Amino acid sequence: MTDRPIRALIADDEALARKFIRRMLKENRDFEIIGECSNGKETVAMIRKEKPDVVFLDVQMPEMDGLAVLESIGIEQLPEIIFTTAYEQYAIRAFELHALDYLLKPFDQARFKDAIKYAKERFRSDRHNEGRMQLSALLENIKNKPQYLGRLVIKAGGRITFLPTNEINWIEADDKYVHLHTSKARSMVRQTLSAMEAQLNPAKFRRVHRSAIVNVERIAELQPLFSGEYSILLQDGTKLQVQIVRASGKTALADR
């Protein structure tokens, strides 16, 4: 047990999120902010250098996500972790892990105060080392049992809605964002196409182009073009170009 300030690191790629956490922590004398990071690689370096007591860790960050950060540091070197993210699908993983806490954006002051109150109680007790075993359990669970998204969180117009992935016809890349095309509407999510691809079931969603992923259940027709190229016709009438390649005797859809 110790009465010294709890050394906190803020790791989030959103400036507004970092500002909110920074402001809330500064109002609490039990915490000392030792740094801020905006991507996974910075976070790994800062944890190794400063050895914080607790990290407010965004699950989705550029270059390396929060779970990859945990793996890179190693269980023995990990501080307490409070996950912060807008991606609801990670909640089950975090709570199975029994992480220190999990804050689903947009969280308010009351919810954040509850989180840091619990963090302080746990840190002041003799139980703060229990988190390493729990984090180890989550990482092993994720490695051994890949979990694919069943729905996506959509933030727009001050509202948060949930879109089942089976309603998506295709996904279009737009720099650091993706557009999710359904039969009813088009939604935008702040995530790269590669990051999105890694979270989708490859048996249902295939990358057919550097800028497009399709729901294979929405493919109506595969139309041959020239030089081994094909055009995909979706059930909603959308046409996407794709290239067929042969590897190891198998035919597969490939990036262009």
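I call a residue buried under 20% relative accessible area, exposed over 50%, and partly exposed in between. The model I examined is predicted.

Entry 1, R22 and its partners. By the cut-offs above, I class R22 as partly exposed because its relative accessible area is 25%. E36 is likewise partly exposed, at 29%. I found the side chains of R22 and E36 joined in a salt bridge, 2.6 Å from N to O. R22 belongs to helix α1 and E36 to strand β2 (residues 31–37), 14 residues apart. I also noted a network of salt bridges that links R18, R22 and E36.

My search of the whole structure returned 7 salt bridges. One of them pairs R190 with D13, with 2.6 Å between the closest N and O atoms. R190 lies in the loop between β10 and α7, D13 in the loop between β1 and α1, and 177 residues separate them. I recorded D13 as buried at 16% and R190 as partly exposed at 39%. Next I looked up E197 and R207, whose closest N and O atoms are 2.9 Å apart in a salt bridge. E197 sits in helix α7 and R207 in strand β11. E197 is partly exposed at 33%, whereas R207 is buried at 12%.

I found that the axes of α1 (residues 15–26) and α5 (residues 109–124) come within 11 Å and cross at roughly 60°. The two helices are therefore oblique to each other. The crossing is right-handed. Residues in contact include F20 and M24 of α1 and F112 and I116 of α5. By class, I listed 6 nonpolar, 1 polar and 2 charged residues in this contact.

How values were computed: Residues numbered from 1 in each chain as written. Predicted model: local features only at pLDDT ≥ 70, side-chain atom pairs only at ≥ 80, totals over all residues. Heavy atoms only, no water. Axes fitted to C-alpha atoms, helices over the stretch in contact; angles between N-to-C directions. Helix = DSSP H or I, 4+ residues; strand = E, 2+ residues; numbered from the N terminus. Parallel < 35°, antiparallel > 145°, perpendicular 65-115°, else oblique. Left-handed = near helix turned anticlockwise from the far one by under 90°. Contact = heavy atoms within 4.5 Å. Nonpolar A, V, L, I, M, F, W, Y, C, P; charged D, E, K, R; others polar. Salt bridge = Lys/Arg side-chain N within 4 Å of Asp/Glu carboxyl O. Buried < 20%, exposed > 50% of the residue type's maximum accessible area, 1.4 Å probe, protein only.
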